[in-house]
Amino acid sequence: TFGVTYVISTGSMQKYLINEDGTTTLDDSFAYNKERFYEIRNVTIYQDHILVGGYTFNENGDKDKYGVVVYDFNGNEQMMLVADDSGYYGSGMDSIGNVAETDNYFIVLDRSFRNILVWDKEGNWLGTVRDCDVFGTSDYTYLSGLDVVGDTIYVSLMDDRADDSWREMLF
């Protein structure tokens with residue numbers, strides 16, 4: 001059993017083993033590249049991968065783009081999920097809120113562009129859809145949560161009623 005800690009502003013991440021007695025031990029064998037991220041926005045652990053979303057550096061050390069890097073449990077980079085930067089509100093990523101892995105796909109909720117982005121398990125970008133087009137909500141919905149349980153994908157979002165009387169959370 002293990003957990004991962006990260007610091008948003010520095011892009012640093014560490015893996016800790018959780019011992020049977022509840023104590024933790026830093027896993028020095030975790031090979032994570034500390035020079036990969038300028039800023040980490042999200043870390044999610046699934047059965048086969050650690051998914052890390054944030055603002056990345058390119059191979060020259062320059063700030064590059066938002067993306068999701070897929071790591072194995074030893075910290076080895078498997079692939080980077082990036083999207084085309086064109087389209088309505090941009091099809092790229094900005095504020096990576098949540099990341100999920102299913103048997104066949106990787107899914108990202110972008111809280112800034114209000115987009116849902118999808119890749120296949122080989123890292124091929126399949127496309128982007130606006131949250132309002134999927135859920136029939138307003139153009140300024142807040143995508144707040146994403147989880148996968150079995151074959152079901154759960155998305156939570158907050159939206160104001162048309163008369164602004166309430167902000168509702170929808171699942």
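Let me start with the hairpin that joins strand 8 to strand 9 through three residues, where helices (H or I, at least four residues) and strands (E, at least two) are DSSP runs numbered from the N terminus. Strand 8 and strand 9 pair in the antiparallel sense over five bridges, and two strands are said to pair if DSSP finds at least two bridges between them. Within this pairing, V99 has V108 in strand 9 as its bridge partner. Please keep in mind that this is a predicted model, in which local features need pLDDT of at least 70 and side-chain atom pairs count only at pLDDT 80 or more, while totals for chains, interfaces and linings use all residues. Residues are numbered from 1 along each chain as its sequence is written, and side-chain values use heavy atoms, with hydrogens and water left out.

Where does this hairpin belong? Four strands form an open sheet in the order 8-9-10-11, with antiparallel pairing, and its edge strands, strand 8 (96-101) and strand 11 (125-130), each pair on one side only. As a general point, strands of a sheet pair through backbone hydrogen bonds, either parallel or antiparallel.

Strand 10 (residues 115-120) then pairs with strand 11 in the antiparallel sense over five bridges, with R130 of strand 11 as the bridge partner of N115.

Is strand 9 buried or exposed? Five of the six residues of strand 9 (residues 105-110) are buried, so this strand is largely enclosed by the rest of the structure; buried means under 20% relative accessible area, exposed over 50%, and partly exposed in between, with a 1.4 Å probe and protein chains only.

Finally, I turn to the salt bridges (a side-chain nitrogen of Lys or Arg within 4 Å of a carboxyl oxygen of Asp or Glu), of which the count comes to three. One of them joins the side chains of E101 and K121 at 2.8 Å, N to O. Because E101 lies in strand 8 and K121 in the loop between strand 10 and strand 11, the pair ties together parts that are 20 residues apart in sequence. E101 is buried, with a relative accessible area of 7%, whereas K121 counts as partly exposed at 22%.
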